[in-house]
Amino acid sequence: MFIKLQTPRGTRDYLPEEAAVRRIVEDSFRRTFDLWGYQEIRTPTFEFFDVLATGTGAELEDSMFKFQDKSGRLIALRAEMTASTARVVGTQLLNSLKPIRLWYIANMFRYDEPQAGRQREFWQAGIELVGSSLPEADAEAIALMIQALKDIGLKDVRIDVGQVGIFKELIKQGGLEPETVDQIRTSIDKKDRQTLEKALEASNLNEDTKKILRLLPDLRGGTEVLNRLSELTRSPEIGQIVENLKKTLDCLKSYAVPEGAITIDLGIIRGIDYYTGVVFEAYVPALGMALGGGGRYDDLIREFSSSDVPATGFAIGVDRCMLALEKQAYPFLTVTKSTALILPVTEKMRGEANRIANLLRQSGISTETDISGWNLSRGLSYGSRANIPYVVVLGEEEYGRGTAVVRDMKAGKQTEVKIDDLPVFLRGEKT
Amino acid sequence: MIHDKLSMALPNKGRLQEPAIDLLKKAGIQIVRTERQYLAETSEPNLEIIFVRASDIPAYVHFGASDLGITGYDLVAERMVEVYDLLDLGFGRCELTMAVPKRSKIYSVQDLPNDFRIATEFPNLTSAYFEKLGKKVEIIAVRGSTEITPSVGLADAIVDLTSTGKTLKANDLRPIGTLLVSSARLVCNKISLRTKEKSISALVSRIRSIVGDG
């Protein structure tokens, strides 16, 4: 019996009050993405595991919810959207006009250990920008991420920008075992210098490369860190990567991104394998977890199409945004249930109540009618407890005169209003 | 100098607590207990200590309820949290060991039959380990006294922390594999290190100078 009272670990319900606030945040994301010329995409909640696991790496693969369909094929719930979007682009949009700008807001599923700020079902709002390999595209993605987070009301949004190409280029020179690469990557990502040192010692990388890898966790700051890197290597490939990153940062200046909002962090080597270039993470000082991240993935779409299609994108954790807004004490408006309650005083007026309710709804005023057979005092008591600003009392006598009594629940004031004037009256009084 | 307000989580009991407090003392940081048991001030005006269970410290640091924490690597890995692992502090060394009863015919992890029952306080690490090996095992999560579970028939084997091997011997158990080598770590919240970089670096280098780079 006990199991009937609970939801599975890592899932939860969002009751109306909380759902309404989340709706405000999601609507804001939609509006911002629309304003930047992005279009919505929806993909299946579950897909073939092999599709969803394309390019994501072992860690994310392990955390996917997997099951078999009746013919024994391995299915998984989506754990992020980029693999699905890459499949759509690679199979259906290859010949479409580029660039393609897509957005989504959707629930994702990961079989992680649930904790504060991490559920097994969670929501992401994100974009994919497909068809340009230029730094301008990376800059647009970063600028849009900052804008989207600002638009939901977050203050002091910051972005750390890295470039996984540098790491991939350095590691390529060694011909290392995948486990060693993984160890080096993980220890840089965790800033675990001791494990990094051991892994480097055991590798056959040349001393110059080791020197740079050793430094990566510390290369964080302004453009001076790029100069520091350039001094350490003569590799033309890394020189090119650094030039591109500089262009991205230059380009960002024209987006009116606040001074100090962007920091270079070459120690960011994001966990997902498909990243190939500029990567970035967003956060606010008030919350101890990143709000989201993204980056360039120029090789992923080829996995579905055998054509090279460059792309970049990001995903924002909606749940973490909610936590951050809470921490920054964002003043969400109190959500009202309805603007008006129509209360028929007699049985006869019941049908009229519905007609008037429809009139108000057509004028954009959210309205409910009494369906519980309440008398005046119980109806008013419900209106007050449900936080409904206006109760329209429909008495036969007033109705005969073509009017109804509107009770302003906050002011405790009653006004007799012509029924035809109700929409104007309720809208006009509403603040 | 520590300019920003920092909080550090330390174990409120157990084998890691004393060496952790000792280490801070050597780094010139005295802990001044306050009336509230779980909270302490330090000789550094901007550094506050909170005492919580060692196994909860990864969660505190992951969420940012504390900027820093000292706890075992095994506990960080078991909680599967993303935190910076800034320093191996050298103490609290132990291994996460798989052990079977002495009379068992199993001598290596490879020999395990499917649906073997394993009792452990580390269900996440244990299941991840066997998933990698491609073995299907039944994991029984317990909260202590893991070593007695085979003798009472609850489990066929255990996965537990060992440092000397004495406990295993005393319970007629024989080690057959190591899942993880652990020691105490200084862990840090990923956002704190970015927003309070200078203060944290200053503190870390003081501690590093005590433990060395070893």
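S306(A) sits in the loop between α12 (302-305) and β12 (311-317) of chain A. Helices (H or I, at least four residues) and strands (E, at least two) are DSSP runs, numbered from the N terminus. This is a predicted model, in which local features need pLDDT of at least 70 and side-chain atom pairs count only at pLDDT 80 or more, while totals for chains, interfaces and linings use all residues. Residues are numbered from 1 along each chain as its sequence is written, chains are lettered from A and ligands numbered from 1 in the order in which they are written, and side-chain values use heavy atoms, with hydrogens and water left out.

The phi angle of S306(A) is positive, near 60 degrees, in a residue other than glycine. S306(A) is exposed, at a relative accessible area of 67%. Here buried means under 20% relative accessible area, exposed over 50%, and partly exposed in between (1.4 Å probe, protein chains only). A256(A) also has a positive phi, near 55 degrees, and is not a glycine. A256(A) belongs to the loop between α11 (236-253) and β9 (262-265) of chain A. Its relative accessible area is 63%, so A256(A) is exposed. Another backbone feature of chain A is a cis peptide bond. This bond runs from K98(A) to P99(A), with omega near 0 degrees. P99(A) is placed in the loop between α4 (82-92) and β5 (100-109) of chain A.

The interior was examined next. A nonpolar core is a set of buried Ala, Val, Leu, Ile, Met, Phe, Trp, Tyr and Cys residues joined through side-chain atoms within 4.5 Å. The largest such core contains 107 residues. F29(A), F33(A), I184(A) and L213(A) have the most contacts inside it. Helix α5 (residues 135-151) of chain A supplies the largest share of this core, 10 residues.

Contact means heavy atoms within 4.5 Å. With residues up to four places away in sequence left out, F33(A) touches Y38(A), W103(A), Y104(A), A125(A), G126(A), I127(A), L144(A), A148(A) and F314(A).

Helix α6 (residues 164-172) of chain A is largely enclosed by the rest of the structure, because 7 of its 9 residues are buried. The buried residues are V164(A), G165(A), I166(A), F167(A), E169(A), L170(A) and I171(A). They pack against several elements of chain A. The helices among these are α7 (178-189), α9 (207-215), α10 (224-232) and α11. The strands are β7 (158-163) and β10 (278-283). Q163(A) caps the N-terminal end of α6(A). A side-chain oxygen of Q163(A) lies 2.7 Å from the backbone nitrogen of G165(A).

Chain B has 214 residues, of which 52% count as buried. Its secondary structure comprises 7 helices and 12 strands. Along the principal axes, the C-alpha atoms of chain B fill a box of roughly 60 × 35 × 30 Å. Of the contacts in chain B with a separation of 6 or more, 67% join residues 24 or more positions apart. The accessible surface of chain B is about 10300 Å², and carbon and sulfur atoms account for 49% of it. Accessible areas come from the Shrake-Rupley method with a 1.4 Å probe; for residues, only the protein chains shown count as cover.

P11(B) is part of strand β1 (residues 6-11) of chain B. P11(B) counts as buried, because its relative accessibility is 0%. Residues up to four places away in sequence aside, P11(B) touches L16(B), Q17(B), F51(B), V52(B), A54(B), I57(B) and I70(B). The C-alpha atoms of P11(B) and G69(B) are separated by 8.7 Å, although the two residues are 58 residues apart along the chain.

S104(B) lies in the loop between β7 (94-101) and β8 (116-120) of chain B. S104(B) is buried, with a relative accessible area of 15%. Its side chain reaches the backbone nitrogen of I106(B) at 3.0 Å.

In helix α4 (residues 123-133) of chain B, the buried residues are N124(B), L125(B), T126(B) and F130(B). These residues pack against α3 (73-79), β7, β8, β9 (137-141), β10 (157-162) and β11 (173-182) of chain B. G134(B) follows α4(B) and has a positive phi, near 75 degrees.

Conventions. A polar contact is a pair of N or O atoms within 3.5 Å; within protein, one must be able to donate a hydrogen and the other to accept it, and residues adjacent in sequence count only if both atoms are side-chain atoms.
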